[in-house]
Amino acid sequence: MNIQTAPGVNRHELLRAAREAAYSMPLEDFHPGAPQLFRNDTLWPYFERLRKEAPVHYCTKSPIEPYWSVTKYNDIMHVDTNHGIFSSDVSLGGISIRDVPPGYDWPSFIAMDQPRHSAQRKTVQPMFTPTHLDELAILIRERTGRVLDSLPRNETFNFVDLVSIELTTQMLATLFDFPFEERRKLTRWSDVSTALPKGGVVESAEQRRAEMDECAAYFAKLWNERVNAEPRNDLISMMAHNEATRYMDPDNLMGNIILLIVGGNDTTRNTMSGSVLALNEHPEQYKKLRENPDLIDTMVPEVIRWQTPLAHMRRTALVDTEIGGKKIRKGDRVVMWYVSGNRDEEVIERPNEFIIDRARPKIHLSFGFGIHRCVGKRLAELQLKIVWQEILKRFERIEVVGEPKRVYSSFVRGIESLPVRIPA
């Protein structure tokens, strides 16, 4: 399954080769979680075939432990909403296809089962109430305007760095009340925390450990300041002054901090970049949007479906059970491929098309379902909506002028760089 991007190979040739490989390979040789498929964006025919022929598939040909792939929408919903059967707990491996490495097994509420999960999750929910989002919207609009007005015209720049990272990191700094001038540390810690050894983000395990230790020390200092001060309206203070989280040990604090950084950074940042790419790949949809900016409301969830910024979530079976006629044993790892469920032809009409005025755009799986549904989803949608409202006010178009560079990961479906140009 190692379709490489070679110099001079165009996108169509790469996809054709991927389709031939996916349909000629025996199903028992499939490893759909191979990060290279995601870096090259050649995953689609593999998941298409799995949905048709083996919607619940057992992989034994990966460098990690064997795992089940659940690739159809309704089966994914079954796993995601049955937390009594399928566990997220970090002590059983966590929420990613790869078990959490020793020393990085920080408990967070997304990697906890009930009743601890809901008790800790509730401490940060006030940040995402409609009233507070209305207040944040004013700030988001001001900052978005400043960032967009500073962009160069008629020259190539990296949209990911100048727009997507900048806007999401500014928001993260606000949510944590993190020193604003050091906000790019948050982006870096997010990238390092999810990086794979061959991804090029860090040079060594020792470097990764050192950077994560720096993150832990920084937030421990902020925590100690907030826990001994009057309650404030930021995520650290909310946790520091709630009984469910006030007495967290350092590992639990680190787990929740990393969860909130990655959740606030990767989802919005990669969907923001993905929106520009999707509209350029579908110029008729971009034209439709320019002619009717009100379509932003349905475009935003469509982009979130199309990009699927977190490609999967993993669970561990707590008991012997069954999915789609396949017997799952207690202790088996079960991977819900949101990226595949979002292209399930039986649930989503014309799923391989990017359509900004879909009749039911919000039925996507990108935010998950059940008790672990993304706590910040409304904020993510709000940020994307405002960014496109402000882009359409200012620019006739943002042109993608080169190939995107994608993240080496089957967990975070991200874009590292996207060369664009804004015509004068």
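Start with the whole chain shown as a surface. The protein chain has an accessible surface of about 17,700 Å², and 51% of that belongs to carbon and sulfur atoms (areas by the Shrake-Rupley method with a 1.4 Å probe; for residues, only the protein chains shown count as cover). Keep in mind that this is a predicted model: local features need pLDDT of at least 70, side-chain atom pairs count only at pLDDT 80 or more, and totals for chains, interfaces and linings use all residues. Residues are numbered from 1 along each chain as its sequence is written, and side-chain values use heavy atoms, with hydrogens and water left out.

**Whole chain, cartoon view**

Of the 424 residues, 58% count as buried (buried is under 20% relative accessible area, exposed is over 50%, partly exposed is in between, with a 1.4 Å probe and protein chains only). Among contacts with a separation of 6 or more, 70% come from residues 24 or more positions apart (a contact means heavy atoms within 4.5 Å).

**Charged side chains**

Now select Lys, Arg, Asp and Glu. Lys and Arg count as positive and Asp and Glu as negative, leaving out His and the chain ends; that gives 56 positive and 58 negative side chains, with the centres of the two sets 2 Å apart. Each charge is placed at NZ of Lys, CZ of Arg, CG of Asp or CD of Glu.

How many salt bridges does a search of the whole structure find? The search turns up 42 (a side-chain nitrogen of Lys or Arg within 4 Å of a carboxyl oxygen of Asp or Glu). Here are some to click on:

- R188 and E211: a salt bridge at 2.9 Å, N to O. R188 sits in helix 8 (residues 184-194) and E211 in helix 9 (residues 205-227), so the pair ties together parts 23 residues apart in sequence. R188 is partly exposed at 28%, while E211 is buried at 14%.
- R232 and D234: the closest N and O atoms are 3.9 Å apart. R232 is partly exposed at 40%, whereas D234 is buried at 1%.
- R305 and E302: the closest N and O atoms are 3.0 Å apart. They are 3 residues apart in helix 13 (residues 296-307), about one helical turn, and both are buried.
- R141, D149, E390, K393 and R394: select these together to see a network of salt bridges.

Most residues other than glycine have a negative phi, and most peptide bonds are trans. Next, zoom in on some exceptions.

- Q114 to P115: this peptide bond is cis, with omega near 5°. P115 is in the loop between strand 3 (86-87) and helix 5 (116-124).
- N154: phi is positive, near 60°. Look in the loop between helix 6 (130-149) and strand 4 (157-158); N154 is partly exposed at 45%.
- R350: phi is positive here too, near 45°. Find R350 in the loop between helix 14 (338-341) and helix 15 (377-394), partly exposed at 46%.

Terms used: Helix = DSSP H or I, 4+ residues; strand = E, 2+ residues; numbered from the N terminus.
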